[in-house]
Amino acid sequence: MTGGDRHTQAKHLGDWGEALVADWIRQQGWQIVARRWHCRWGELDIVAQTPAPQPTLAFVEVKSRRPGNWDHEGRMAVTAQKQRKLWRSAEIFLAQQPQYAALPCRFDVALVVRSRQPRPGLLE
């Protein structure tokens, strides 16, 4: 397998994982505010607002993996450096979207592991 093939497969897996998490977030009654939002510090995978009575803005980092990968299914990928990038990106997002600036904010990490055998009914 070439490097380009691995990159393409990783992109497809990442897109699949983000779509799965976005669908789950919507099922919880949250509103997706932004997906794949970019700034000079990086990308915010999903920005979502939780419902009332206490609306909160959640910055969701999605890590999609296959079983048995090197970084414990994405747990090791959210390093201190990555956390700083997410924090800075969130600050810029809030500066550019002042309508959300008064909301309490939180950072979530969604770990998605794709099994070797897809189960019926799951996104492909």
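This is a predicted model: local features need pLDDT of at least 70, side-chain atom pairs count only at pLDDT 80 or more; totals for chains, interfaces and linings use all residues.

Student: Why is Thr 50 called buried?

Tutor: Its relative accessibility is 9%.

Student: Where does Thr 50 lie, and what does its side chain reach?

Tutor: Thr 50 lies in the loop between β2 (42-49) and β3 (57-65). Its side chain reaches the backbone nitrogen of Thr 56 at 2.8 Å. Beyond its neighbours within four places in sequence, Thr 50 is in contact with Trp 30, Pro 55, Thr 56 and Arg 106.

Student: What makes Arg 36 and Glu 18 a salt bridge?

Tutor: The closest N and O atoms of the two residues are 3.0 Å apart. The cut-off is 4 Å between a side-chain nitrogen of Lys or Arg and a carboxyl oxygen of Asp or Glu, so the pair qualifies. This pair links distant parts of the chain, with Arg 36 in strand β1 and Glu 18 in helix α1 (residues 3-27), 18 residues apart.

Student: Are Arg 36 and Glu 18 buried or partly exposed?

Tutor: Glu 18 has a relative accessible area of 7% and is therefore buried. Arg 36, at 33%, lies between the limits of 20% and 50%, so the term for Arg 36 is partly exposed.

Student: How many salt bridges does the structure hold?

Tutor: The structure holds 6. Another of them joins the side chains of Asp 108 and Arg 106, at 2.9 Å from N to O. Arg 106 is partly exposed, at 34% relative accessibility. Salt bridges that share partners also join Asp 15, Glu 18 and Arg 36 into one network.

Student: Why are β1 and β2 called paired strands?

Tutor: Pairing requires at least two bridges. Strand β1 (residues 31-39) is joined to β2 by 7 bridges, so the two strands pair. They run antiparallel, and a hairpin joins β1 to β2 through 2 residues. In β2, Ile 46 is the bridge partner of Arg 35.

How values were computed
Residues are numbered from 1 along each chain as its sequence is written. Side-chain values use heavy atoms; hydrogens and water are left out. Helices (H or I, at least four residues) and strands (E, at least two) are DSSP runs, numbered from the N terminus. Buried means under 20% relative accessible area, exposed over 50%, partly exposed in between (1.4 Å probe, protein chains only). A polar contact is a pair of N or O atoms within 3.5 Å; within protein, one must be able to donate a hydrogen and the other to accept it, and residues adjacent in sequence count only if both atoms are side-chain atoms. Contact means heavy atoms within 4.5 Å.
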